[in-house]
Every structure is written in C-alpha cells, then in structure tokens.
Amino acid sequence: MTRRASGRPDAVDLVLEQWKRELPTLDASPMEVLGRLHRSFLRYQGLLSELFECFDLNMASFDVLAALRRSGPPYRQTAGQLADIALVTTGGITLRLDRLEKAGLVTRERDAKDRRVVYACLTERGVEVADVVAVAHFANEERMLAELSDAERRRLSQLLGKLERSLETAEQTPPDRAALTASTRQDQVHNS
C-alpha cells in the first residue's frame, strides 16, 4: 500500500488495496490520479459553496459575474460568449442570468444595430459585488493551497494543464467498446 507524505494511507489508498485484493489482475492505477482529483474537487466545491453562500450566490452565478467583470467596461457579453467561457449551454447561462437579473446584479440589453443580439451587462451593484466576492474568493483559494510551495503549485498547474489536454483527446477518441468487451471476457476466462 502506498503512503502519503503524512505516513498514513488515504481513502484512495484503501480503495486501491481493496481492488488489488478482490481483482488482482485489474489495473486500477488511474484512480491514484483521477480518484484523488475527484475527491479534491468535491472538497474544493464544498469550500467554494460555503464562501459563495455568504454572498447569496452559488458557483454558477459567480462564474457569470466574474466573466462579465473580467471583460472590462462596459462589462457585457452575449449568452453565447458566456457559455463558451463557462463550458455550459446558452440555456444554462440564461438560467444564471435570470437569477442575477432578479438580484439586481445584471441587466439585459439588445444590440442597437442587431435586435437579435442580447447582452448581459453588470449593473453598478453587480460590479461592486463581483469585486468584493473576487477578493474573498481568491483569499479562500489561497487558504486551500497553503500546504503547497510555489514550486509545487507551478508543477501541479503544468500537470493539470497536461491532464486537461489528455482528457480533451479522450473526448475525441471514444472507447473501443468491442475491445473493452473482449478484454473483459478474457479477464473473466483468465480468472476462472
């Protein structure tokens, strides 16, 4: 069993040990990375949600506020532009904008030259809220990374960028279901 720097196994170590005991020929090693990434993301998500709730926001709402704020004056984007940044559908953005508009943080404006184009625009209050929450958000993230050195952060950032590229490649190359099925059958016969 592998040991963390603290000297004791974590939940992923325990799960891997169980797989090794139950299916010794199974290569569950991807879990060393992806299992820890998933568990880390769930903790990260919980810590973010806790902070955003203090401002009556959620992660999705802050994502839109931040995208509009980062765009610079006049702090406006179309739903399509926001969807590209947030990696969600325009329908998902519309729901977020509805909530933000109701809270007085965003307005919608039609383009003067092309009435089909609608912009989401931060209100003055929206800019103020985005600024306050951004400061709190990055202080919160700094707290989350406190145990990593600057060099470790840079290296982890590089590796996560490489992981994202690997996942993008995986999206473009779906699994070969026939090969997976044949492999599973071979393992079952081999283990019989």
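User: To start, how many salt bridges does the structure hold?

Analyst: The predicted model holds 9 salt bridges.

User: Which residue does R96 meet in a salt bridge?

Analyst: The partner of R96 is D63, and the N to O distance between their side chains is 3.7 Å. R96 lies in helix α5 (residues 90-102) and D63 in helix α3 (residues 59-70), so this pair ties together parts that are 33 residues apart in sequence.

User: Is R96 buried or exposed?

Analyst: R96 is buried, with a relative accessible area of 14%.

User: What about R21 and E22; how do their side chains meet?

Analyst: The side chains of R21 and E22 meet in a salt bridge with an N to O distance of 3.0 Å. R21 is exposed, with a relative accessible area of 55%. E22 likewise counts as exposed, at 52%.

User: Which residues are linked with R36 in a network?

Analyst: D10 and D13 are linked with R36 in a network of salt bridges.

User: Changing topic to helix α2: what span should its residues have?

Analyst: Helix α2 covers residues 30-53, which is 24 residues, and at 1.5 Å a residue they should span 34 Å. The C-alpha atoms at the ends of α2 are 34 Å apart, which agrees with that expectation.

User: Which residues in α2 are buried, then?

Analyst: In α2, the residues G35, L48, L51 and F52 are buried.

User: What do the buried residues of α2 pack against?

Analyst: They pack against three helices, namely α1 (11-22), α3 and α6.

User: Take α6. At roughly what angle do the axes of α2 and α6 cross?

Analyst: The two axes cross at roughly 150° and come within 10 Å. The crossing of α2 and α6 is right-handed.

User: Which residues of α2 meet α6?

Analyst: From α2, the residues are Y44, L47, L48, L51 and F52. On the α6 side they meet V133, A136, H137, N140, E141, R143 and M144. The residues of this contact divide into 8 nonpolar, 2 polar and 2 charged.

User: Let us look at H137. Is this residue buried or exposed?

Analyst: H137, which is found in helix α6, has a relative accessible area of 7%; because buried means under 20%, H137 counts as buried.

User: What is H137 in contact with, leaving aside its neighbours within four places in sequence?

Analyst: With those neighbours left aside, H137 is in contact with Y44, L48, L51, F52 and F62.

User: Where is F62 found?

Analyst: F62 is found in helix α3 and is buried, with a relative accessible area of 8%. F62 and H137 are 75 residues apart along the chain, and their C-alpha atoms are separated by 9.6 Å.

User: Which residues does F62 contact, again leaving aside neighbours within four places in sequence?

Analyst: On that basis, F62 is in contact with F52, A130, V133, A134 and H137.

Technical notes: Residues numbered from 1 in each chain as written. Predicted model: local features only at pLDDT ≥ 70, side-chain atom pairs only at ≥ 80, totals over all residues. Heavy atoms only, no water. Salt bridge = Lys/Arg side-chain N within 4 Å of Asp/Glu carboxyl O. Buried < 20%, exposed > 50% of the residue type's maximum accessible area, 1.4 Å probe, protein only. Helix = DSSP H or I, 4+ residues; strand = E, 2+ residues; numbered from the N terminus. Expected span 1.5 Å × (residues − 1). Contact = heavy atoms within 4.5 Å. Axes fitted to C-alpha atoms, helices over the stretch in contact; angles between N-to-C directions. Left-handed = near helix turned anticlockwise from the far one by under 90°. Nonpolar A, V, L, I, M, F, W, Y, C, P; charged D, E, K, R; others polar.
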